[in-house]
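Here is a short briefing for a first look at this model. Take the topics one at a time, with the structure open beside the text.

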Amino acid sequence: MWRNSATVSFSSKLLSYSSSSANPNYFHYASAFSIFSPNGVVDQALSPSHQRFYCSSAVPSPSPSSGSVIKLGFLANKSDAYLPLSLKARDAVQLARHYGRCYWELSKARLSMLVVATSGTGYVLGSGNAVDLAGLCYTCAGTMMVAASANSLNQVFEINNDAKMKRTRLRPLPSGRIAIPHAVTWASSVGFAGTALLACKANMLAAGLAASNLVLYAFVYTPLKQVHPVNTWVGAVVGAIPPLLGWAAASGQISLNGLILPAALYFWQIPHFMALAYLCRDDYAAGGYRMFSLADASGRRTAAVAFRNCLYLIPLGFIAYDWGVASGWFCVESSVITLAISAAAFSFYRDRTTQKARRMFHASLLYLPVFMSGLLFHRLSDNPQCLAENPNRIIELPSFPEAVTESEEDDQKKKVRYVTAVPQRRAPVAYASIAPFPFLPVPSYVDQ
């Protein structure tokens, strides 16, 4: 009803401008494109830029060109049934853009994509000689959903704190762009969907890790930020679980080799967040957060903790080489980049200024992608598996000297060991084989 009245109002304004103005072709552009609401108020879901575009102004517009007059006449001659339909479509598009932007910010999409990258890296490392591309996509999608849910719940619980901080007061909830029940519904939906996807397409171990990490982040780490500075170390545990989730999704188990990347994530987060907390300590104090740097006026303890955890990263390259996860080149590359971030942390320890803290923060941003890329590029596959002629069997070719043998006398002669595979819940899909036997289809995913 009110849209029909808007059309009548539009036509009457057009006729009044055409008859009363000195120039018969004179009209007001905003009147032709204004969105009317039942109360005469512009829809608050629109962004300020769109509100400025759709709202009419009292300042007269310049006389349009002849082409514009023709176009206006064409619109004026449209039937009354067509114009409300176009307005509805335009409103739907604007509403979709608005909520899409809110969901993007609630999910902290860039942070969630970093979590997905660590989970995907863990999946590839745990896949052996062949990477199940479909399984990798399912794992990344499920991880993204769970991470989005955890970040959304974090903002729901911290809405009052975020409103006090310059860095976060424009988020969807403090700014009032989305209601709290709506945000809770969004977080619950994507969290449940992500966990269910991991349970169905990966395994229950990966789904359990995802669900436990969501609970740890949203219901333990988030309230702990306002209680005790130990929240930084709890948050480091949260960040270390996604690569372990990816490893478990690919291999179906948790092993020592799968703990190298989680350990790197844990120790890396300490200097990363110490630098951030030092740079934003005034903002954190205004928000009511109990960060480690707030109780350290000189910054000496903050810098010392950051430097100490950088040193903990040094042995990881040697461990990855010694355990057969990566080649010797990764050992060298890991040592170089770890010494670089350690040098930045030591520089901050000696001269505790904002400039040095920002340099250490940027060094931490560079460290993680280089470390993960090197681990993927130089990774070693020490447990190749090939599909035998019998679909219920998997041929495993051991690559270690302690492989299964015929007898104690002939321990140098390797024997092919047949391992009964658990029946798969889904049909095999395309695999990216990187095994030394490219002519054989090599599945890396066995449901357990």
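In this predicted model, helix α15 (residues 315-322) has the buried residues L316, G317 and A320. Buried means under 20% relative accessible area, exposed over 50% and partly exposed in between, with a 1.4 Å probe and protein chains only. Seen down the axis of α15, these buried residues fall within an arc of 100 degrees, so they line one face of the helix. The arc is that of the directions from the helix axis to the C-beta atoms.

**Around α15**
- The buried residues of α15 pack against α12 (260-279), α14 (300-312) and α16 (328-350).
- G324 follows α15 and has a positive phi, near 75 degrees.
- Helices (H or I, at least four residues) and strands (E, at least two) are DSSP runs, numbered from the N terminus.

**Aromatic pairs**
- Rings of Phe, Tyr and Trp (its six-membered ring) pair if their centres lie within 6.5 Å; planes under 30 degrees apart count as stacked, over 60 as edge-to-face and the rest as tilted.
- By this rule the count comes to 12 aromatic pairs.
- Y367 and F371 form a stacked pair, 5.5 Å centre to centre with 25 degrees between the planes.
- Y367 and F371 are four residues apart in helix α17 (residues 354-377), so about one helical turn separates them.
- Y367 is buried, at a relative accessible area of 2%, and F371 is buried, at 0%.
- Y99, Y103 and W186 form one aromatic cluster.

**Charges over rings**
- A charge sits over a ring if NZ of Lys or CZ of Arg is within 6 Å of the ring centre and within 35 degrees of the ring normal.
- The charged end of K225 sits over the ring of Y289, 4.7 Å from its centre.
- The charged end of R281 sits over the ring of Y278, 4.2 Å from its centre.

**Transmembrane annotation**
- An unreviewed UniProt entry places the feature "transmembrane region" at several stretches, including residues 178-198 and 327-349.
- Residues 178-198 are 90% helix and 0% strand, with end C-alpha atoms 29 Å apart.
- Residues 327-349 are 96% helix and 0% strand, with end C-alpha atoms 33 Å apart.

**Whole protein**
- The protein has 17 helices and five strands.
- Of its 448 residues, 43% count as buried.

**Ground rules**
- Residues are numbered from 1 along each chain as its sequence is written, and side-chain values use heavy atoms, leaving out hydrogens and water.
- Local features need pLDDT of at least 70, side-chain atom pairs count only at pLDDT 80 or more, and totals for chains, interfaces and linings use all residues.

Definitions and conventions: Contact means heavy atoms within 4.5 Å. UniProt positions are given in the numbering used here, feature names are shortened, and annotations may be inferred rather than shown by experiment.
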